[in-house]
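Hi,

Here is the structure I promised to hand over.

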Amino acid sequence: MNANGYQQYKTQSVNTMTASEMLLLLFDELVKRLTRAELALEVEDAELFEQSVNRSREIVQYLKTTLDRQYPISRELSIMYDFFIYELSRISAGRNPKVIQELKELVEELREAFREASRMLNN
């Protein structure tokens, strides 16, 4: 499969995802980027570290911006996303792998909660 065909496949896959599948994909990508930031610190790759933290921030900002505010839990999620953005700023400034790990654990817990809620809604 050539690069153009692969890109079309990826675009079609994203366009046909349900909202819950897209949400889980975003959380997966966020965990991946936080892991990259950890690894970049280990090998002292400042550029990869900054790219990973910036992409993580963009993902969280997107999650916050697209939050459906008609549900009572939306307020709490918005506050949590603000906390994630704050932590990403701390990570960027302090380059502390412990803070990255703590944030990654919170993101993974939230991802698991969304996965479980999605499963319950689909049953």
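**What I found**

Tyr-81 is buried, at a relative accessible area of 1% (buried means under 20%, exposed over 50%, partly exposed in between, with a 1.4 Å probe and protein chains only). Before you read on: this is a predicted model, where local features need pLDDT of at least 70 and side-chain atom pairs count only at pLDDT 80 or more, while totals for chains, interfaces and linings use all residues. Residues are numbered from 1 along each chain as its sequence is written, and side-chain values use heavy atoms, leaving out hydrogens and water.

Tyr-81 makes a tilted aromatic pair with Phe-84, 6.2 Å centre to centre with 55 degrees between the planes. (Rings of Phe, Tyr and Trp, the last by its six-membered ring, pair if their centres lie within 6.5 Å; planes under 30 degrees apart are stacked, over 60 edge-to-face, the rest tilted.) Phe-84 is buried too, at 1%. The two sit three residues apart in helix α4 (residues 73-94), so about one helical turn separates them.

The structure has two aromatic pairs. Phe-27 and Phe-114 form a tilted one, at 5.5 Å and 35 degrees. That pair links distant parts of the chain, 87 residues apart: Phe-27 is in helix α2 (residues 19-42) and Phe-114 in helix α5 (residues 97-121). Phe-27 is buried at 0% relative accessibility, whereas Phe-114 is partly exposed at 21%.

As for the overall picture, the chain has five helices and zero strands (DSSP runs, H or I of at least four residues for helices, E of at least two for strands, numbered from the N terminus). Of its 123 residues, 32% count as buried.

Cheers
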